[in-house]
Amino acid sequence: MGVGSIFDSADVRAEFEKAGINTHFIPFIWKYVIKNPNCEWDEIPDLPSAAYSLLRSKFKTSTSSVDSVINSNDGVTTKLLVKLQNGAFVEAVIMRYDTRLGKYCGKPRPGGPRSTLCISSQVGCKMGCKFCATGSMGFKNNLSSGEIVEQLVHASRLSQIRNVVFMGMGEPLNNYSALVEAVRVMSGPFQLSPKRITVSTVGIIHAINKLHKDLPGLNLAVSLHAPVQDVRCQIMPAARAFPLEKLMDALQVYQKNSKQKIFIEYIMLDGVNDEEQHAHQLGKLLETFDVVVNLIPFNPIGSLSQFRTSSEEKVLSFQKILRGVNNIRTTVRKQMGQDISGACGQLVVNLPDEKKPTNLGVTDIEDLVSRR
């Protein structure tokens, strides 16, 4: 184990307290490092002398480095390959949006360009979802809170990040303590409001039960992907440990306590979960919830894939049923970064091997969050 990241907040606080140094200096150090990522500890002004020696011996301004940066053909998406201290790699994806390209109530949206960062919480993933490239890696290790935050530090040097989504490699709620620490740092010196941070989960029930208390105001997205347990288990083996009925009960309690919308992610797999009966079943399942359903066209993952992408007609029919019959707000996720293997479900440590066009005019998570 090497020296730790300055953004490993629990370790930094523990070391400061152990050395008798006031912990109120820590946010100041974070802000300085964010603005000056290549700084030396001695360059930070006005710290106690004991703090400098502690920082030099125990912590680095960054324990990870950007190994490569790959831009999509249209310049809208950027994928960062980040090398960790242990030699492993994770990926983070910057997605750029221009709100003026969309419409709301028939009128052009106000605002302008902004960026959302999709970050990883683990190297690989235990969940083994059959439609996801990351699942094919298996699980390697959890990231520390500092390694999670450092992805935001690296990305912030390339683009001004307005929103963060934990939808990269790994299951965030399986790395719970690091997730909580990282979000608290992001909402501190980075000044990211919790409502601009979204955590996606396959449905780790015991973690959902404590999420609102630990991170109030955070947005929760649930990777549901099927309206019935048997189909869910077929495409998401981990779903066996989290029965759909118990998951929905946990989400009812979460929504009652948080008073927030829940985002439902639903990948469209041809002939598996995209029939009209599935749409009606999903509508029934969600009828008592305040949700936004995000339909996600399946992104091919080469020879690993046993699935096909649903036709546009099927996706629109599915959306029409949820909207028309069940009055559930339902969006279709436009694809970004397919040509750099940076789209949903494609994150696995490799380089792109094919070129596909990406689309403009996508719906940002912020557009969904802001209309509560």
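**Entry 1: getting my bearings**

I start with a term I need throughout: helices (H or I, at least four residues) and strands (E, at least two) are DSSP runs, numbered from the N terminus. I also remind myself that this is a predicted model. I looked up the totals and found eleven helices and 16 strands in the protein. Of its 372 residues, 56% count as buried. I then checked contacts between residues at least 6 apart in sequence, and 66% of them join residues at least 24 apart.

**Entry 2: two loop residues**

Most residues other than glycine have a negative phi. Asn-327 is not a glycine, yet I read a positive phi of about 55° there. I found Asn-327 in the loop between helix H10 (312–324) and E16. Is Asn-327 buried or exposed? Its relative accessible area is 70% and the cut-off for exposed is over 50%, so Asn-327 counts as exposed.

I placed Asp-46 in the loop between helix H2 (25–35) and helix H3 (49–58). Asp-46 is exposed, with a relative accessible area of 66%.

**Entry 3: the sheet**

I traced an open sheet of ten strands next, in the order E3-E4-E5-E8-E11-E12-E13-E14-E15-E16, with mixed pairing. At the edges I found strand E3 (65–71) and strand E16 (329–332), each of which pairs on one side only. From one strand to the next, the twist averages 25°. I noted helix H8 (residues 244–258) packing on the sheet, where it touches strand E13 (219–223) and E14. The direction of H8 makes about 165° with that of E13.

How many bridges join strand E14 (residues 262–268) to strand E15 (residues 291–297)? I looked it up: there are seven, and the two strands run parallel. One partner pair I picked out is Ile-262 with Val-291 in E15.

**Entry 4: strand E11 and its neighbors**

Five of its six residues are buried, so E11 is largely enclosed by the rest of the structure. On one pairing, E11 meets strand E8 (residues 113–118) in the parallel sense over four bridges. E11 is also joined to strand E12 (residues 197–201) by three bridges, and these two run parallel. I followed the chain from E11 through H5 to E12 and found a right-handed β-α-β crossover.

**Entry 5: the nonpolar cores**

I asked which residues have the most contacts inside the largest nonpolar core. They are Ile-6, Phe-16 and Phe-166, in a core of 107 residues. Helix H5 (residues 176–186) gives the most to this core, with eight residues. Apart from it lies another core, of five residues, including Met-95, Tyr-97, Cys-118 and Val-165.

I then listed what Ile-6 touches, leaving out residues up to four places away in sequence; among them are Val-12, Ile-29, Trp-30, Trp-41, Leu-55 and Phe-59. Lys-60 and Thr-61 are on the list of Ile-6 too.

My last stop was Glu-91, which I found in strand E5 (residues 89–98). Its relative accessible area is 0%, and buried means under 20%, so Glu-91 is buried. Which side chain makes a polar contact with the side chain of Glu-91? I found that of Lys-79, at 3.4 Å.

How values were computed: Residues are numbered from 1 along each chain as its sequence is written. This is a predicted model: local features need pLDDT of at least 70, side-chain atom pairs count only at pLDDT 80 or more; totals for chains, interfaces and linings use all residues. Side-chain values use heavy atoms; hydrogens and water are left out. A nonpolar core is a set of buried Ala, Val, Leu, Ile, Met, Phe, Trp, Tyr and Cys residues joined through side-chain atoms within 4.5 Å. Buried means under 20% relative accessible area, exposed over 50%, partly exposed in between (1.4 Å probe, protein chains only). Contact means heavy atoms within 4.5 Å. Two strands pair if DSSP finds at least two bridges between them. A crossover is right-handed if, with the strands pointing away from the viewer, the path from the first strand over the helix to the second runs clockwise. A polar contact is a pair of N or O atoms within 3.5 Å; within protein, one must be able to donate a hydrogen and the other to accept it, and residues adjacent in sequence count only if both atoms are side-chain atoms. Axes are lines fitted to C-alpha atoms, for helices over the stretch in contact, and angles run from 0 to 180 degrees between N-to-C directions.
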